[in-house]
Amino acid sequence: MPMTDRRDRERAEMRDRITAAARRLFVEEGYARTTIRAIADAIEYTPGAIYAYFKDKDAILYALHQQGFEELGRRMAQAAVGAADPIDELRRLGAAYLRFASDEPELYDLMFIAQSTSRAMQEDVWPEGGRTFGFLRSVVARAIDGGWVVGDDADAVSFLLWSACHGMASLHIRNRCVVFDEAVRDQVEDKAFDQLVACITKPRPSTARRRRPAPAARPRPRRSGPEL
């Protein structure tokens, strides 16, 4: 293996170790209470060495932020493949979003709940969140244009679906869904989102031919003839 490739691989592995340790500490101890020294101690490294990979603590949080949205975007894109129609696609996206939060609760917490990163929110712009929301909005816009959903505002409908998913995901990862048996929690979440989608779905006209009623029988003309 060329020396340059090996160095790049070693740097990537070290970055992964740093972000993995920081991810755990940010959630367990809180972002404000976690220090670079604590992250360094967790991987048995020196604080000075951490700065060779990240400028500061916020840069580590932003790296986690980017990782999370890359994975969420990949899952959503994969879920959309093969959808029968825009409504089916919306249901698939909702399920993918909820599964991501369930599979990666710490990462979801850092992305949406616990702490915003200054790099992600510079000048009131959120590029990572914007791309994910834009993907959802594009599906909603197609659904509106095709007459699949109620409403004519793609932003409003998209925000309704996103906020519902986020609420369910937040309740799940904060262990508030214990009101349901563990065996059915995922199914309840999926069904709840499907129900929301059903509420905004327009009835589709039936393509089946309606049977025409049989024409009323015409009165038969009386035959003329001699009167008896």
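Here are some notes on this structure, point by point.

1. **Ground rules.** This is a predicted model, in which local features need pLDDT of at least 70 and side-chain atom pairs count only at pLDDT 80 or more, while totals for chains, interfaces and linings use all residues. Residues are numbered from 1 along each chain as its sequence is written, and side-chain values use heavy atoms, with hydrogens and water left out.

2. **Overall make-up.** The chain has 9 helices and 0 strands, and its pattern along the sequence reads α-α-α-α-α-α-α-α-α. Helices here are DSSP runs of H or I with at least four residues, strands are runs of E with at least two, and both are numbered from the N terminus. Of the 228 residues, 35% count as buried; buried means under 20% relative accessible area, exposed means over 50%, and partly exposed lies in between (1.4 Å probe, protein chains only). Among contacts (heavy atoms within 4.5 Å) between residues at least 6 apart in sequence, 69% join residues at least 24 apart.

3. **The α8 and α9 pair.**

4. From α8 come V157, L160, L161, A164, C165, M168 and H172, and from α9 come D186, E189, A192, F193, L196, V197 and I200. By class, the contact has 11 nonpolar, 1 polar and 2 charged residues. In this scheme Ala, Val, Leu, Ile, Met, Phe, Trp, Tyr, Cys and Pro are nonpolar, Asp, Glu, Lys and Arg are charged, and the others, Gly among them, are polar.

5. **The loop between them.** C177 sits in the loop between α8 (154-173) and α9 (185-200). C177 is buried because its relative accessible area is 11%. Leaving aside residues up to four places away in sequence, C177 touches L171, H172, R185 and E189. C177 and E189 are 12 residues apart along the chain, with their C-alpha atoms separated by 9.4 Å.

6. **E89, a buried glutamate.** E89 lies in helix α5 (residues 86-103), and E89 counts as buried because its relative accessibility is 10%. Its side chain makes a polar contact with the side chain of R142 (2.9 Å). Such a contact is a pair of N or O atoms within 3.5 Å; within protein, one must be able to donate a hydrogen and the other to accept it, and residues adjacent in sequence count only if both atoms are side-chain atoms. Beyond four places in sequence, E89 touches A80, A83, V139 and R142.

7. **T19 in α1.** T19 belongs to helix α1 (residues 3-29) and is buried, at 5% relative accessible area. Not counting residues up to four places away, T19 touches F54, I60, A63, L64 and Q67.

8. **Two backbone angles to look at.** Most residues other than glycine have a negative phi. E44, not a glycine, has a positive phi of about 55°; E44 is in the loop between α2 (36-42) and α3 (47-50) and is exposed at 73% relative accessibility. N175, also not a glycine, has a positive phi of about 65°, and N175 is in the loop between α8 and α9.
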